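Work through the exercises below with the model open beside you. Try each task before you read its solution.

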Amino acid sequence: MSWIKYALKRLLMLIPVILCVTLILYTILSLAPNGLARQKLGQDASEEQIYALEEEMGLHDPIIVRYVKYMAGVCRLDFGVSWINSNNVLNEFAHRLPYTLLIAVLSVLFAVGVGVPLGIFSAIKQYSLFDYGSTFVAMLLFSMPAFWLGTMCQLLFCVTLGLLPVAGDKTWTCFILPPLILGANTLASMIRMSRTSMLDVIKQDYIRTARSKGAAEGAVILRHAMRNSLIPVITQVGICFAGAIGGAVVTESIFGINGVGMLLINAVKSRDVPIVMGTVIFVTIIVGVINLIVDLICAVIDPRIDLAS
Amino acid sequence: MKKKFLAALLATAMLLGVSACGPKDPAPSAGANNPGGTQSTAPNNQGGGTTAQGKDSVVLATSGEPIRFMAQSSQSCSGDDNLVLSNVYDCLLFLEPNGELTPALAESYEVSEDGLTYTWHLRKGVKFHDGSEMTAEDVKFTFDLGAAGPIGAALFINLESTEVVDDSTVVMHLSAPYAAFPYGVASRLGGIISKAYFDKVGGEDGYLAAPMGTGPYKFVEAVSGSHITLEAFEDYWRGPAPIKTATIQIVSDTNTQVLGLQNGDYDAIRNPSIEVCTRFDSVDNVDWNYTDSTGRITLYLAAWGGHDWDLNFRKAVQCAINKDDINTATNSGYATILDIDMCPMYGGYPTEGIETVKYDPDQAKAYLAQSSYNNEPYSILVQSGTTYEAAAKIIQAQLMAVGINCQVNAVDGQTKTSLQTNRDFDALIGENLSSLVDADGVKSFFLFNRGDPTRLYQREEELCDMFAQGAILQGDARLPYYVDACNIITQEAYMVPLYNGIITVAHNAALQGADAHCLGNFNFYYWSWAK
């Protein structure tokens with residue numbers, strides 16, 4: 001039962017994290033120049049109309065009062081409505097999360113499914129052509145920014161070869177390129193991480209012992225080495241997945257996917273405070289929970305990790 | 001062996017990169033086609049690409065998202081909303097792409113001699129999307145609601161009351177004559193709404209969620225951040241539109257829009273830059289066209305407390321700016337250079353008696369020598385990421401060439417609005433759009449100062465009086481006031497008009513009627529696929 005206690009403790013620790021994140025963010029957003037009321041009502045709106053809208057938005061209260069009111073609403077699961085289109089923040093996020101989750105999951109599956117075997121095989125065949133090749137691919141993918149790689153893939157697979165749609169989220173073919181682009185960087189990390197980790201493990205004494213006892217090479221790798229080498233890889237997967245949830249802005253923008261990243265970036269551009277705050281809170285919770293799950297998985301894989309302590 | 005493998009791998013990667021970067025067609029067209037004109041079409045459509053066989057739908061890609069679908073609401077509306085408003089609602093008058101007014105829901109109208117009364121004769125048999133007939137009561141309701149809303153004071157200027165005379169006649173009373181009033185009637189705020197439906201759906205919120213008008217398209221759905229779907233209204237008073245389904249797709253990335261158009265994912269893209277458009281000249285299945293917008297791109301020069309640059313300094317700035325260079329760099333030379341802060345299509349645009357300032361760097365240096373300028377930093381405020389930022393950088397170079405220590409302060413839109421409202425800038429580049437398509441729109445910059453009352457131009461009140469005089473007169477009687485106002489602005493060097501804005505549209509070559517509109521409207525009613 002120690003893992004339940006551990007999980008509860010970690011979840012409770014999320015509360016101060018959320019408070020810190022939201023306070024800092026709210027203060028920055030509130031201090032930035034905000035001509036939203038005038039922009040929304042137009043240049044020719046009267047002072048009274050602008051004042052009334054600002055009052056409705058609560059812009060005339062001191063920042064701390066606004067923050068406390070906002071967080072009180074959050075405690076009642078009332079995240080407010082968008083200042084731009086008056087849509088409910090919770091609904092907006094819920095509507096867009098599935099798209100982001102889908103490309104994040106697919107991208108991580110792609111990165112893990114391709115990257116880990118490549119990395120492990122590279123480690124086993126260290127300094128071979130395959131090893132050099134996979135290291136080169138990893139470096140290449142790592143150094144290519146998503147906006148460039150995405151555009152190049154659009155040009156090649158969509159415009160030139162006509163195989164896929166350039167953008168959109170209506171058919172399954174729209175979800176082929178985005179996960180590959182989003183996962184390209186993660187794939188590079190996976191190759192490097194699993195290679196390095198495997199190299200560390202296969203030099204350990206217990207691997208030498210297993211070999212000396214006459215265990216087959218495949219069994220040594222699969223049963224003894226891989227399990228231990230996966231722990232840092234799993235940690236990395238968690239970090240990358242969390243990053244994909246909040247950081248898929250570029251990919252979503254290039255491929256016209258109506259996800260959380262696009263919601264956040266548009267809200268930041270238009271100073272739509274309720275959307276920015278709500279999205280950041282949700283993403284913080286998701287990232288916290290993913291990290292917790294990763295820790296629990298690590299504990300399951302490696303019995304030496306004692307959650308109770 | 002290993003070295004060979006690595007070399008082959010590198011070469012393959014480079015080839016892939018280079019082939020993907022290269023143009024689809026080897027010979028991009030040189031030069032600009034018909035610069036300065038009102039319409040231009042890419043000449044080399046060779047009929048390749050998309051076929052339109054049996055197609056009756058279009059997808060328009062746009063980065064700006066329409067979000068408010070009733071112009072008269074207390075939430076106001078923006079230019080992006082026009083994409084929906086101009087297709088769902090009809091006005092009493094149509095504003096044509098070239099800025100002319102033509103009859104729409106009003107078959108005709110008369111203006112009283114004193115300019116205070118407008119009598120509108122409504123078209124009979126016009127139906128709303130729910131099948132109910134449009135009545136004079138609906139017109140009155142629309143104008144009463146619009147006048148009380150946030151943009152009523154800007155678009156229904158001087159409208160005092162609206163009176164229903166009979167089922168097909170409405171009279172509007174103005175508190176003072178206003179020459180540009182018909183443009184307000186033809187603006188988005190004049191889109192006629194149904195009083196009965198407004199009451200039925202529970203008022204503004206219900207109407208915003210499910211808008212309904214008499215326009216050629218019915219609103220079907222809006223998915224936030226994704227798309228808006230419109231469907232042709234079969235009982236439309238001008239006959240049903242050839243395009244049965246129009247989808248407005250929100251695509252924030254402009255490169256994606258361009259690639260999507262080439263790939264056939266989108267049928268048209270809204271307002272791509274001229275630079276992008278000229279690249280379409282070498283693409284078989286894409287055409288493009290452009291027209292002058294109702295906006296002026298102008299450099300406003302501060303001359304008030306805290307930013308009190310003297311007249312000689314401002315004149316130096318005036319003379320140091322080469323507008324042709326700016327036009328070439330930002331619009332490939334397609335834009336119309338402006339001498340005054342008015343678009344030539346505006347009602348009341350003066351063609352004679354205007355004083356202009358020519359590009360003369362030597363004269364600029366002479367003015368600078370006479371000024372009190374002492375190499376202080378001079379900052380140009382501009383919204384970042386816009387073509388105006390490029391214009392600002394060119395002006396920076398031009399001003400530095402005559403000895404002005406110029407800087408560019410590129411900020412986001414909200415910050416720019418805030419600084420502009422408070423008149424907290426040395427110089428500012430911005431686009432002033434005018435829905436009224438009238439010379440009176442120029443006054444908006446002078447009326448915009450609502451922050452610090454001490455930050456006024458010395459002759460601001462005099463200018464506002466002149467614009468007020470020009471607005472109440474009709475026809476050529478208005479011109480002397482606008483000539484005087486423009487000449488004061490030039491003599492005092494309050495601003496440097498740069499160029500007329502441009503509206504562009506790029507579309508599938510098989511799509512007909514997709515012409516750019518001066519207000520950036522997209523009237524799907526005129527669109528059709530080539531047989």
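This is a predicted model: local features need pLDDT of at least 70, side-chain atom pairs count only at pLDDT 80 or more; totals for chains, interfaces and linings use all residues.

Residues are numbered from 1 along each chain as its sequence is written, while chains are lettered from A and ligands numbered from 1 in the order in which they are written.

**Exercise 1. Confidence**

Find the mean pLDDT of chain B, and the stretch of chain B where pLDDT stays under 50.

Solution. Start with the scale: pLDDT is the predictor's confidence in each residue, from 0 to 100. The mean for chain B is 86. In that chain, 89% of the residues reach 70 or more. Residues 5-51 of chain B stay under 50. For the complex, the predictor gives an ipTM of 0.80 and a pTM of 0.83.

**Exercise 2. Chain B in outline**

State how many helices and strands chain B has, and what share of its residues is buried.

Solution. Helices (H or I, at least four residues) and strands (E, at least two) are DSSP runs, numbered from the N terminus. Chain B comes to 17 helices and 18 strands. Next, burial. A residue is buried if 20 or more other C-beta atoms lie within 10 Å of its own, exposed if 12 or fewer, and partly exposed in between; C-beta atoms are placed from the backbone. Of the 531 residues of chain B, 50% count as buried.

**Exercise 3. A sheet of four strands**

Give the strand order of the open four-stranded sheet in chain B, and name its edge strands.

Solution. Two strands pair if DSSP finds at least two bridges between them. The order is β4-β5-β7-β6 in chain B, with antiparallel pairing. The edges are β4 (106-111) and β6 (159-166) of chain B, since each pairs on one side only. From one strand to the next, the twist averages 20 degrees. Now look inside the sheet. Strands β5 (residues 117-122) and β7 (residues 169-174) of chain B are antiparallel and joined by five bridges. Thr119(B) has Val171(B) in β7(B) as its bridge partner. Finally, find the helix: α3 (residues 136-148) of chain B lies across β5, β6 and β7 of chain B, at about 170 degrees to β6(B). Axes are lines fitted to C-alpha atoms, for helices over the stretch in contact, and angles run from 0 to 180 degrees between N-to-C directions.

**Exercise 4. A hairpin**

Which residue in the hairpin of β8(B) and β9(B) takes a positive phi?

Solution. Strands β8 (residues 217-223) and β9 (residues 227-232) of chain B pair antiparallel over six bridges. Ala222(B) stands opposite Ile228(B) in β9(B). Three residues lie between the strands, and Gly225(B) has a positive phi near 75 degrees.

**Exercise 5. An enclosed helix**

Why is helix α8 (residues 254-263) of chain B largely enclosed by the rest of the structure?

Solution. Eight of its ten residues are buried, so α8(B) is largely enclosed. Among them are Thr256(B), Leu259(B) and Asn263(B). Gly264(B) follows α8(B), with a positive phi near 90 degrees.

**Exercise 6. The core**

Solution. A nonpolar core is a set of buried Ala, Val, Leu, Ile, Met, Phe, Trp, Tyr and Cys residues joined through C-beta atoms within 7 Å. The largest has 231 residues, and Leu301(B) and Ala427(B) touch the most other members. Helix α8 (residues 177-202) of chain A gives the most to this core, with 13 residues. Leaving aside neighbours within four places in sequence, Leu301(B) contacts residues including Trp309(B), Ala427(B) and Tyr494(B).

Conventions:
Two residues are in contact if their C-beta atoms, placed from the backbone, lie within 7 Å.
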